Structures are given as C-alpha cells and as structure tokens.
Amino acid sequence: MRISPWISILITMVMIARAAAAADVPNHAVVLLYHHVDTETPAATSLSPALFAEHLDYLDRHGYRVEPLAALVDSLRNGRSIPDRSVALTFDDGYRSVYSEAFPRLKELGWPFTVFVCPADIDAHRGPVLTWDQLREMASAGATVANHGQFHRHLQRRGEAETDQAWRARTRRELQEAQDRITEEIGQAPALFAYPYGEFSPDLQGLIKELGWTAFGQQSGPLGEAGDWTLLPRFPMAGPYAALETFG
C-alpha cells in the first residue's frame, strides 16, 4: 500500500516530537524544608516525630534517593545529570529536636541532611537550639552544617537611619562572621545559605551573589538547572503542608 507523502511527513513529525519530549525531561530534584520535629512547638513550623517518620518511610518505600544538598546544587549548576527521584532534606534554625528526633532516624537510614544554623544563637544558647557538640556529632555522621545568618533576623531590613552603604557593610560582615564561625566549630562551611524567615531582597541577593554562595528561600518549587542560584525553592513541611496525603 502506498503511503501518502503527507502522512509520511506527519508520522515523522510525531516521532520527532516524541523523541524531543523524551530528551527534554527536566533534570531536577526536590528540597524539603523542616524546622521543629516536635509536638510542643508552634504548629506553623512543626510536625510530629511520628509524621516525620512517615515521611521518611514514604521516601524509602517509593524509591526516592536522598542526596546531599551541596552535591545536588553542584551537579545542577554544572549541567550534570542527577538520579531520578532525587530529594534533599534541610532543617532551618538548628532546633534541638533535629538532634533528638530527626537525627536518629536519618542516621539509621544512612541519609544525609543539611542544618542551617545561626551561630550567635548557638553561642548564646538562645532558644531550644542545638549545641556545637551535637552539630559536630551529626556532621561526623554525614550531615552538613550551613549558614542561616549570624543572627536569626530580617536581614533585608535597614536599621533606623541606616544608609544603604552601612546596611551593606554590616550585613556582609555578619554573613561572613557566621560562615567563619561554622568553619571554626565544624571544620568547614559550604557555600550554601538559607534566608531567615525565607525573606530576601534584590540587594540581599546581590550580596549572596558577590560571596559566590547558593541561597534558598521558603517558596515551593522544584530545584532545576535554570533556577536563580540566589533564591532556590524548597517545599516547607509543617502544619497542614506536612500531611502525608499531600506529601507525595
């Protein structure tokens, strides 16, 4: 049977489109954001230890690969492929429940995770925060300790009568002091940063870019090659957003 040239062209176009679609699967990962793993802390930033365990069980049963955050960032920034179903786990503020509730479960699974901390809060024992000893223990087991600002405050805000130039100098100094303090206590500090409260501004992003760091907010979305490296997304896991029904 003779096939019409128009049908041949149509079939060829369909095959090309399918091949292009298959080759254009995004190289991406998902980053999850936790704060407290506790039942006695604010619901807006907490999930229970039992629910956290269910999250880990879901990832394990469904074949997700929990990867170090820095490794995912490095691969995506340099155009290297990452495994399908890649996930990174992060914890902001460095609360004690990360050590008492999350760490034992993650250590048993052999999964890496990142804790973003504010060194001045740790040094002053301000709030239910981790100690440097606890952070060193977790780091020795494969955790990453990263920068969340020297103090947990709104970095993009100017002080009263503070000029742009003064704000810039103060904020850059505080960012570097936090990085140096982590290095002093842990032995190293990655070029990773998480904005306190998830708040940012173009000026603050500019400082992060000048420092050569990769920064994360608290807006939902996948991590991909075309991301803004001064404002990468994470999925917040707390309150109603942590429900297992919507987790997958």
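This is a predicted model: local features need pLDDT of at least 70, side-chain atom pairs count only at pLDDT 80 or more; totals for chains, interfaces and linings use all residues.
**Helix 3 and its surroundings**

Helix 3 spans residues 69–77, and its buried residues are L69, L72, V73, S75 and L76. Viewed along the helix axis, these buried residues lie within an arc of 165°, so they line one face of the helix. An α-helix has 3.6 residues a turn, so residues three or four places apart point the same way. The buried residues of helix 3 pack against several strands: strand 1 (28–34), strand 5 (86–92), strand 6 (114–117), strand 8 (192–194), strand 9 (214–216) and strand 10 (223–224). After helix 3 comes G79, with a positive phi near 70°.

Is T90 buried or exposed? T90 has a relative accessible area of 0%, and because buried means under 20%, T90 counts as buried. A polar atom of the T90 side chain lies 2.8 Å from the backbone oxygen of L32. When neighbours within four places in sequence are set aside, T90 is in contact with V31, L32, L33, Y34, L69, T114, F116 and R234. Of these contacts, L69 is also one of the buried residues of helix 3.

In soluble globular proteins, nonpolar side chains tend to be buried together. The largest nonpolar core in this model has 33 residues, and L89, F113 and L135 have the most contacts inside it. Strand 1, helix 2 (49–61), strand 5, helix 4 (96–109), strand 6, helix 6 (132–140) and helix 7 (164–186) each give two or more residues to this core. Helix 2 provides the largest share, 5 residues. Apart from this core lies another one of 16 residues, including A29, V31, A146 and A194.

Not counting residues up to four places away in sequence, L135 touches V115, V117, I122, L130, V145 and I186.

**Aromatic rings**

The model has 12 aromatic pairs. One of them joins F91 and F113 in an edge-to-face arrangement, with 5.7 Å from centre to centre and 85° between the planes. This pair links distant parts of the chain, since F91 is in strand 5 and F113 is in the loop between helix 4 and strand 6, 22 residues apart. F91 and F113 are both buried. Both also belong to a cluster linked by ring pairs, together with Y34, F52, Y99 and F103.

| Arginine | Ring | Distance to ring centre |
|---|---|---|
| R85 | Y64 | 4.9 Å |
| R158 | W167 | 4.0 Å |

Most residues other than glycine have a negative phi, and most peptide bonds are trans. Which way does phi point, positive or negative, at R85? R85 is not a glycine, yet its phi is positive, about 60°. R85 sits in the loop between helix 3 and strand 5. With a relative accessible area of 45%, R85 is partly exposed. The charged end of R85 is the one that sits over the ring of Y64.

D93 is likewise not a glycine and has a positive phi, about 85°. D93 is found in the loop between strand 5 and helix 4. At 10% relative accessibility, D93 is buried, whereas R85 is partly exposed.

Key
Residues are numbered from 1 along each chain as its sequence is written. Side-chain values use heavy atoms; hydrogens and water are left out. Buried means under 20% relative accessible area, exposed over 50%, partly exposed in between (1.4 Å probe, protein chains only). Helices (H or I, at least four residues) and strands (E, at least two) are DSSP runs, numbered from the N terminus. The arc is that of the directions from the helix axis to the C-beta atoms. Contact means heavy atoms within 4.5 Å. A polar contact is a pair of N or O atoms within 3.5 Å; within protein, one must be able to donate a hydrogen and the other to accept it, and residues adjacent in sequence count only if both atoms are side-chain atoms. A nonpolar core is a set of buried Ala, Val, Leu, Ile, Met, Phe, Trp, Tyr and Cys residues joined through side-chain atoms within 4.5 Å. Rings of Phe, Tyr and Trp (its six-membered ring) pair if their centres lie within 6.5 Å; planes under 30 degrees apart count as stacked, over 60 as edge-to-face and the rest as tilted. A charge sits over a ring if NZ of Lys or CZ of Arg is within 6 Å of the ring centre and within 35 degrees of the ring normal.
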